[in-house]
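Open the model in your viewer and keep the selection panel at hand. Each stop below says what to select and what is there.

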Amino acid sequence: MNGTTALSPWLPTAPCTPGHCGAHPGSAHRRRGAEADRAGAVRAVVRLIAGLGTVLLGLLLALPAGLLPAATRLTLVRYWTRAVVRAFGVHVRYEGAAAPADGPLLVVANHVSWLDVPLIAAVLPGRTVAKSEVRRWPVLGTLAALGGTLFIDREGIMALPGTVRTMAGVLAGGGRVVVFPEGSTWCGRERGRFRPAAFQAALDAGCAVQPVRIDYRPTDAAAYVGADPLGSSLWRVVTTRRLTAVVRLREPLPGALYPDRRALAAAAQRAVASDSAKLPSLSVHQRSRSRSASASSVRTPA
């Protein structure tokens with residue numbers, strides 16, 4: 001999730017910091033009268049209780065949901081993650097169309113906030129790759145583990161090939177894997193380079209890559225960077241009026257068209273960074289329209 005000071009030289013380091021990038025737009029709040037401030041505080045508390053309550057509901061339902069057929073379980077995940085985001089007061093707009101649900105897919109996105117995970121799960125649920133520290137988070141760590149999160153030790157570069165093999169195995173079995181290849185959260189104004197390791201899994205499994213771009217307005221309220229405490233980030237989100245997330249689903253990239261993982265990573269990064277796509281918007285309450293993705297690629301050596 002959020003980035004911290006690099007513990008190893010190979011780890012990505014974002015220049016974003018909580019004080020600069022995650023500062024709450026407090027000047028607007030100070031200009032409002034005392035009555036408006038009280039109303040805003042009450043609204044924020046209600047959102048916080050509703051959001052945390054929805055998260056806890058997911059925890060209670062996680063085990064029995066595991067007994068359901070996979071398609072039913074994924075549908076429940078989509079509805080639950082949409083409910084979580086809305087409970088915290090975030091308005092969402094989806095643009096574009098996801099690849100068909102019946103096949104392997106590596107989903108890659110830029111990384112700004114902890115909100116990125118439920119936003120993607122609401123339309124493209126899959127097994128998310130996350131740093132191992134997430135497993136120790138209260139409630140959310142348990143949910144992540146129950147949801148099949150693939151935890152990676154960011155400090156141990158020797159463990160990376162094993163993680164890539166695990167991802168490739170999930171994809172080869174027809175599953176979907178979600179990864180944030182920038183390797184750390186960035187503020188949205190600053191972006192990181194897509195690290196190529198995860199893209200080897202798509203090449204090994206012969207599957208397509210779905211680039212996703214996530215933007216927030218205002219960005220400061222959603223950014224979860226550096227040593228920012230999760231509680232502070234939650235409070236910024238629930239106290240911000242009209243916090244909006246825009247999730248743009250780009251065209252899937254067939255891995256067979258690219259000679260190696262670096263070329264595939266660079267193509268995905270260009271697709272995510274591009275502002276040129278003009279796509280029809282979808283409400284968060286609608287399922288994305290599926291359209292035929294390119295045929296699964298054959299295995300291409302890196």
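Contact here means heavy atoms within 4.5 Å. Helices (H or I, at least four residues) and strands (E, at least two) are DSSP runs, numbered from the N terminus. This is a predicted model: local features need pLDDT of at least 70, side-chain atom pairs count only at pLDDT 80 or more, and totals for chains, interfaces and linings use all residues. Residues are numbered from 1 along each chain as its sequence is written, and side-chain values use heavy atoms, with hydrogens and water left out.

**Stop 1: helix α7**

Select residues 160–172. This is α7, with 13 residues. From first C-alpha to last it reaches 18 Å, close to the 18 Å expected at 1.5 Å a residue; the expected span is 1.5 Å times one less than the number of residues.

Now colour T163, V164, M167, A168, V170 and L171: these are the buried residues of α7. Buried means under 20% relative accessible area, exposed over 50%, and partly exposed in between (1.4 Å probe, protein chains only). Look down the axis. The buried residues fall within an arc of 160°, so they line one face of the helix. That arc is taken from the directions from the helix axis to the C-beta atoms. On the other side, R165 and A172 are exposed.

What covers the buried residues? Then step past the helix to G174, which follows α7 and has a positive phi near 90°.

**Stop 2: the cores**

A nonpolar core is a set of buried Ala, Val, Leu, Ile, Met, Phe, Trp, Tyr and Cys residues joined through side-chain atoms within 4.5 Å. The largest one has 44 residues, and L119 and L124 have the most contacts inside it. Strand β6 (residues 208–217) gives the largest share of this core, four residues. A second, separate core has 29 residues, including V164, M167, A168 and L264.

Centre on L124. Beyond its neighbours within four places in sequence, L124 is in contact with A98, L105, V107, R176, V178, Q210, V212 and L249.

**Stop 3**

A salt bridge is a side-chain nitrogen of Lys or Arg within 4 Å of a carboxyl oxygen of Asp or Glu. The whole structure has five.

Select E95, which is buried at 9% relative accessible area. One partner is R93, at 3.2 Å, N to O; R93 is partly exposed at 27%. Another is R248, whose closest N and O atoms are also 3.2 Å from those of E95. R248 lies in strand β7 and E95 in strand β1 (residues 91–96), so this pair ties together parts 153 residues apart in sequence.

**Stop 4**

R236 and D228 form a salt bridge, with closest N and O atoms 2.5 Å apart. R236 is buried at 8%, and D228 is buried at 4%. Elsewhere, shared partners join R93, E95, R213, D215 and R248 into one network of salt bridges.

Next, select S233 in α10 (residues 230–239). S233 is buried, at 0%. Leaving out residues up to four places away in sequence, S233 touches W114, Y224 and D228.

**Stop 5: backbone details**

Where is the cis peptide bond? Check R217 and P218, with omega about -5°. P218 sits in the loop between β6 and α9 (219–222).

Finish at R242, in the loop between α10 and β7 (244–249). R242 is not a glycine, yet its phi is positive, about 60°. R242 is exposed, at 56%.
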